[in-house]
Structure formats: structure tokens, C-alpha cells
Amino acid sequence: MSAVYDTLVEAVIRPPRAEYEPEALGPAEFSYAGVSVVRHDVELVNKRGLRLCASLWQRRDAVGTHGWPACVYLHGNASCRTEATLVASEVLQRGAALFAFDFAGCGLSDGDYITLGHFEKDDVEAAVTWLRTVAGAGAVALWGRSMGATSALLHAARDGSLAGLICDSPFSSVEAVSLEVVSEGPGGMARWLAKLALAAVAHSVHKRTGFDLYKCRPVDAAKACTVPLLIATATADTVVRPHHSEAIYAAYAGVSKELVKFGGSHSSARPTSFLRAASAFLADVLDLPPSAAIDAAPRSERGRLLPLLEALEPPAPQADGASPFASPFASPFASPTFASPFASAPPTSSAPPLSASPPPSEAAVARAGRWARDEAGDTLPRFGNKAAAPRRAPVTPTSGRRAAPMTPTSTPGPATPASAASAALPEALENLFDSIDAEVSRSSRSAPTGTPPLQPQQQPPPGSGRGKARRELVAPDSEMRELFTAIDRISYNLPPGGKTGRALFADGEGG
């Protein structure tokens, strides 16, 4: 029983860690459409003293200068900074630098747990502070997906000096998205049972990490955010449903905000229309001049910018069969003598804290631009007097780096560790409460008689009443005592009687 309970807790704060080799980030120096780009791999330290592995991609001619614009990409749950390579072309082509890191507890960074944005917002602060005080960046924008989008919102609520936010599929609250995943997904359980299980899990999560999942509510943080916002959601997303983005958009305090909807699921490849909108948004809020754009950036036949690692793949063999590249990550522009100026940079913890955030200027608000809707229903931007580019049909990536969108009629592929954990969650909860019912039933047969039943509306404090009797009879270990304490907090409002939770609600007596 304890093993099942641990499984539930681990599913929230310890999803499968994305493991990769640094080579997956591509070459350290390369030519992108004739422009020399270098990647600096650095280490930051967050407020908790945990090491964060990070990378900065910037044009070589900007190295050592100050005031260059940058975009920080924030990966999703159970992912890592390699996710940034999928949008790197959109950033580099516009002329900005790209910064990405592994959140604590993810990828190659230190840490055992994640907190779905609660502590991750401090990792974002460490990244922004390092860019401004050590690397020399000027305007900084954030681009996050899922947990990364949530972390961006939570940080932006306290840092109004950011240039802008791109939030792809953020959730409005951890509680809401957790209940939906467990109760409304395939094979979902009754909502009352999901609430009961979530209360038990939340108690143990708080003890292990200091993270109260009920208080992680990005929708409330949105009320304090004033920087320009581009928020996006996939219409067929069943993990973080579209209403989460809609709620955040409605609560967002800034006047410069736009909501974009497109087809697809939570993890499907983003359509060209959204990537173009994000690219145009960055150019606007970072004040990137058209002259900084790389017009010759590699594109597909339909005009979509190729993901960075695809754009850097070696060309076809020459006539004699020899290739000028030794490997997919080799480059004739690599310089073994190039040394990163950030190799010995001080840790982020020594950087001064962020200053008070000023309100957005009228010029920043005016940069919001106008938006138009294309013939397929995707929203495309019109910034100032610049009309949006015509929409092109999305291109299905062939690199295999993105999972294909799942539909109800599609044939599922091999289960990944993340999908296996999600699928096992309802079954694990069912096993947990089967065990609770069985133990309580056995214990009740040997319990002393003559105890008056709990009256309706009676509210005994935690640690007394029938919950106390359960713990004394069934739960000798501290973990199970904590579990029943959490269950008691919910079950005190149930009608009196000797029935256990599942039987009570099966008979229609529960709320």
C-alpha cells in the first residue's frame, strides 16, 4: 500500500527525467545561413543552491558586447533544454540570442523533484539575472511551454521589466489540471475520488518539497502581469485543456495580450502560423530591426523555417562520394581555439537581486499591434502597419524529434516512460483505495462498540474521531497516518454511517 502511495507522489514531483548527451544540442560553433553562431554552455546556481545547466546561442559578432536582445526558452514537464532547438531558428533568424536551461530536477541539472512552477520561477529569475548582469543582454523575453509557460507567468508577476511573454499551453492551477488529467482522461476515475487522492498526495508532496500544490495558481499571478503577452493553446489538448489559457488570458492585467488557438494536441508539432506569430511577436517586443533578420535562413518547400538541427545537417555527398562533414554535428566553421567568455562566470547566486519592476511604458503598450484571423481560423499578427505574412500549410516534421499528435482513432505507439506513468495513475489510485476499504472493513470488525456515530455538520479537528480510530487500527507507520489525516479533512463532511468512502458514493449518498 505504501508503494502505491509513493507512486502517486512520484508521479507529481518526480516524472521521468529527460536524459541526453550535450552533443544533442548541436555543434558549439556553426554557420547559420552564412552567419557565424556560437553556443556557450554555462552553469548557474539558483536560490536553493542547485546547479542549473544552461546554453546560450548568439551571433559571434555579439560576443563580448552589451545590450543585445535575448529570448529565454523554458521547457515543459519531463523535458529539458534540447527542446529549445525546435524553436531556435525562429529566434536566431530574427537576430536575437537564445538562452535555455534545464530546470532543477530536469535534464542534467541538480535536484530530485520538480514543483510545476513553484520553485521553477526562481530558476527563471536566475537565468534572467545572469543574462543581464553577467552576459550583457539588454531586452529579455520569455518563451515557455506547459510547465515552462507557467513558470514564465509566475516570474513575470514580479518582474515587469521583461520585454514580453510567449506562453504555450500554460495551466491555470496545479489543482485543476491534476484533477482533469486523473478524472477526465482515458480510464479516468470519479471526480470525488480524484479529489480525495489529490489531498493525500498534496500532503506528502508538501512535506517532501515544501510545495503546496493548492497555492500554485498562475491564473492569480496573471492579475499582476503587465508585460506584452502572446498566449497559445491547442484545441485538441487533453492534458492542459484550452480553458486554462482562456482563463489566464481573461485574468491577465496587461493591456497588450493576444490569445492564439490552433489545431493539435499538447505535444504535437506547432503549426507554421503559430511559429510565425511567435517570431513576429519577438521581433516587435525586442525591437529587432528588419536588417538584423537572416533572410537566407533554411526553409522547407512550403516556406517554414527548418528546426536548427535539421538546418545544420550535412549536405548530400559530393561527386566522389566524400562528405565535407565528419558527423552531423561537425562544421567547417568550428574553431577549436574559440573560448567562451562565460566559461568562468560567477554563479548566479552572487548576482544582485532584480530591482523593482517599472510599469510598462506607453511605447511598450503601443507595440501590441493588431491581429487578424486567417481562413483556417488561426490568428496571425498585424504589428503596426506591417501586415502578417500569408498563412502556409503546416509541414509535418520528419526529424522524429516531436511526437505525432494522438487522436482517438490513431494506433498508439510504444509507451514512453511518461505515458506509462500517466496510464498507471488511475490504476494505482484504484489499488490504493481498494486497500483502504479492505483495511478499514477488517479493522471495523474488531473496533470497540458503543461509540456514538458522527453527527451531520459535526467538525472534529484532524487527529480525533473516526479518523483517529482508523489510524490506531490500520496505520502504524507515519506515512499512512499522514494519509488518513488528509482523507479526514475531506471526509468530515460526509453523511454518518459505517460505510467506507467508495461504497458511500456508489450508493449516491456522497457529494
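Me: What share of the contacts in the chain with a separation of 6 or more comes from residues 24 or more positions apart?
Reply: The model is predicted. Contacts with a separation of 6 or more are the ones counted here, and residues 24 or more positions apart account for a share of 74%.

Me: How many helices and how many strands does the chain have?
Reply: The chain has 511 residues, and 49% of them count as buried. Its elements come to eleven strands and 15 helices.

Me: How many aromatic pairs are there?
Reply: Rings pair if their centres lie within 6.5 Å. By this rule the count is six.

Me: Is the pair of Phe99 and Phe101 stacked, tilted or edge-to-face?
Reply: The ring centres of Phe99 and Phe101 are 6.4 Å apart, with 40 degrees between the planes. Planes under 30 degrees apart count as stacked and those over 60 as edge-to-face, so the rest are tilted. Phe99 and Phe101 are both buried. Their pair is tilted.

Me: Why is the pair of Phe101 and Phe103 edge-to-face?
Reply: Phe101 and Phe103 are both buried. Their ring centres lie 5.0 Å apart. The pair is edge-to-face because the planes stand at 80 degrees, and the cut-off is over 60.

Me: Which residues do ring pairs link into a cluster?
Reply: A pair of aromatic rings is described by the distance of the centres and the angle of the planes. Ring pairs of this kind link four residues into a cluster: Tyr73, Trp143, Phe262 and Phe274.

Me: Which residue lies over the face of Tyr249?
Reply: A charge sits over a ring if, among other terms, NZ of Lys is within 6 Å of the ring centre. At Tyr249 the distance from the ring centre is 4.8 Å, and the residue is Lys257.

Key: Residues are numbered from 1 along each chain as its sequence is written. This is a predicted model: local features need pLDDT of at least 70, side-chain atom pairs count only at pLDDT 80 or more; totals for chains, interfaces and linings use all residues. Side-chain values use heavy atoms; hydrogens and water are left out. Buried means under 20% relative accessible area, exposed over 50%, partly exposed in between (1.4 Å probe, protein chains only). A charge sits over a ring if NZ of Lys or CZ of Arg is within 6 Å of the ring centre and within 35 degrees of the ring normal. Helices (H or I, at least four residues) and strands (E, at least two) are DSSP runs, numbered from the N terminus. Contact means heavy atoms within 4.5 Å.
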